[in-house]
Amino acid sequence: MKSGTSWIPFAVFNSPITRYNPLDLANRYSKLRKEGKHKEVINLLKGIAPDVVTVELLQDMNMPALYAEMSNGRILPIAALGDGVKTLLSIILSITSLKNGILFIDEFESSIHYSKLPAVWDIIFKLSDEYNCQVFVVTHSLECLKAAAASVRSSQNEDCASYHRIERNKKGSLVSVAYNGQELKDALDGDWEVR
Amino acid sequence: MPDPKYYEKHKGRLNNSKKIIVVEGEDDASLVSWILKNDCNADPADVGIIDVGGTANFSPGLSILFKSPGITAGTATHLLILFDADDDPTLTYGRIKAVTTKHGLKLPPLGDTGSFSNDLYGGIFSFPDSINSGDLESFCLATVKDSELEKLAANFFTQAKSLLDKKGGSMNGSQHKRIAQAYLSGCTGDLVRGAGLGFSRGHFDSSDPMVKKLSDFIKKSLEI
């Protein structure tokens, strides 16, 4: 899409309502499969769900749907897997379908166990860099922020992320208070409130 | 421990405190919370103490403070900064001024009160008296100066240092901290690990004019 002289990048809103749309997942996976990049996605998914052997696109009631082959040999519809796996798959497929685009993710932490949050953030940072996709994540969760900071730390690239708190100032206007990666790390390490 | 009515390790109370006191560490918070309760009769619903986690964290801690919800959303109306003068109070003052300037705030002169901004009033004070070098420990020790135990502790330090000098050893850090530890080891009750905590347990003289000067400064800064 072109607006004036600037390209408006494609954008996707990934929320608890939109993220499990089977057709979206099937379309995005198909695109990736055609590009031969599906194995990378499956490997990333295994980091969170080691029981998943592979993901396949099958026909079900005249509709394409994603299925997962599990380590016990069973083939399960993605919809039957846990919310954490579905959420991660949805995020991965969104980013990989948005080269040079923008992804908005709304509160993904509600469906992912806290211990897995750093790994999810690692994947988000890795893929967003690889696909040049700018990712906006909305959260109220301190655990999610701490996991993001830990991932920034392990990436050794504080510039890869920034945190913005949206709040009303004294005049009632909405303002953004920005922290760079280093400031976010310092604030969370020092037990400061940033939300 | 500092009085939990005024202090908690997690700085979330910043969101609700109208009057914020920033100190270097938990031991400073012990002294200040005692003064807030006993000398200032400060309302814990309004006043909160936060520690930045050590001298080295003062500048980055203040930088984070100025981005904290309580400050940016305008909940806080008063701010008091207390720090150790160490060898030269102007050095840390200069570092703090650089941080306030970066965030578009003014800084009152050392040992004085004034406006940080149109919405934020307060003061800045260095231990022991905003003039001389020293720290929290020298502030506390000054309240018991020339007492028998203080003289014993100072004498112990002098002799121990002399012994160390003969052996070619050296001491790092504040000599006041060492004397304060020797002093506290001779006090009644449980052994306490910090001068501020010792002060809150009555091991120093809270009626000394230096304490009155500090509590008056706190009241003036926070308009209590």
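Modeller: Two strands pair if DSSP finds at least two bridges between them. Strands are DSSP runs of E, at least two residues long; helices are runs of H or I, at least four long; both are numbered from the N terminus. In chain B, 5 strands form an open sheet, ordered β2-β1-β3-β5-β4, with mixed pairing.

Biologist: Which are the edge strands?

Modeller: Look for strands that pair on one side only: in chain B these are β2 (47–51) and β4 (112–115). On average, neighbouring strands of this sheet are turned by 20° against each other, ignoring direction. Such angles run from 0 to 180 degrees between N-to-C directions; axes are lines fitted to C-alpha atoms, for helices over the stretch in contact.

Biologist: How should I read the numbering and the model itself?

Modeller: Residues count from 1 along each chain as its sequence is written, while chains are lettered from A and ligands numbered from 1 in written order. The model is predicted: local features need pLDDT of at least 70, side-chain atom pairs count only at pLDDT 80 or more, and totals for chains, interfaces and linings use all residues.

Biologist: How many bridges join β1 to β3 in chain B?

Modeller: β1 (residues 19–23) and β3 (residues 78–84) of chain B run parallel and are joined by 4 bridges. Opposite Val22(B) stands Ile81(B), in β3(B). α1(B) packs on this sheet and touches β1, β2 and β3 of chain B; its direction makes about 165° with that of β2(B). Touching is a contact: C-beta atoms, placed from the backbone, lie within 7 Å.

Biologist: What is the pairing in the sheet of 3 strands in chain A?

Modeller: It is antiparallel, and the open sheet has the order β4-β5-β6 (chain A). β4 (52–60) and β6 (75–77) of chain A are the edges; each has a single partner strand, so one side of each lacks a neighbour in the sheet. The twist from one strand to the next averages 35°. β5 (residues 63–70) of chain A runs antiparallel to β6(A), and 3 bridges join the two. Take Tyr67(A): its bridge partner in β6(A) is Pro77(A). Helix α1 (residues 22–34) of chain A lies across β4 and β5 of chain A, at about 70° to β5(A).

Biologist: Next, helix pairs. How are two packed helices described?

Modeller: By the angle between their axes and the distance between the axes. In chain A, the axes of α2 (residues 38–48) and α3 (residues 83–96) come within 10 Å and cross at roughly 150°. That makes α2(A) roughly antiparallel to α3(A). The cut-offs are: under 35 degrees roughly parallel, over 145 roughly antiparallel, 65 to 115 roughly perpendicular, the rest oblique. The crossing of α2(A) and α3(A) is right-handed. Handedness is left if the near helix is turned anticlockwise from the far one by less than a right angle, and right if clockwise.

Biologist: Which residues in α2(A) meet α3(A)?

Modeller: Val41(A), Leu44(A), Leu45(A) and Ile48(A) do, facing residues of α3(A) that include Leu88(A), Leu89(A) and Ile92(A). This contact of α2(A) with α3(A) has 8 nonpolar, 2 polar and no charged residues. Ala, Val, Leu, Ile, Met, Phe, Trp, Tyr, Cys and Pro count as nonpolar, Asp, Glu, Lys and Arg as charged, and the others, Gly among them, as polar.

Biologist: At what angle do α5 and α6 of chain A cross?

Modeller: Their axes cross at roughly 125° and come within 10 Å; α5 covers residues 142–155 and α6 residues 181–189 of chain A. α5(A) and α6(A) are therefore oblique to each other. Their crossing is left-handed. Residues in the contact include Leu145(A) and Arg153(A) of α5(A), and Leu184(A) and Lys185(A) of α6(A). By class, the contact of α5(A) with α6(A) has 5 nonpolar, 1 polar and 3 charged residues.

Biologist: Where do the domains of chain B lie?

Modeller: Domain 1 is 9–133 + 210–222 and domain 2 is 136–205; such bounds come from an automatic or database assignment. Over C-alpha atoms, the centres of the two domains of chain B are 26 Å apart. In chain B, 10 residues of domain 1 contact 11 residues of domain 2. On the domain 1 side, α1 (26–38) and α9 (209–222) of chain B each supply at least two residues. The largest share of that side, 5 residues, comes from α1(B).

Biologist: How many residues does the contact take from chain B and chain A?

Modeller: 18 from chain B and 14 from chain A. α2 (58–65) and α3 (69–72) of chain B each give two or more residues to the side of chain B that touches chain A. α2(B) gives the most, 3 residues. That side of chain B has 5 nonpolar, 9 polar and 4 charged residues.

Definitions and conventions:
Contact = placed C-beta atoms within 7 Å.
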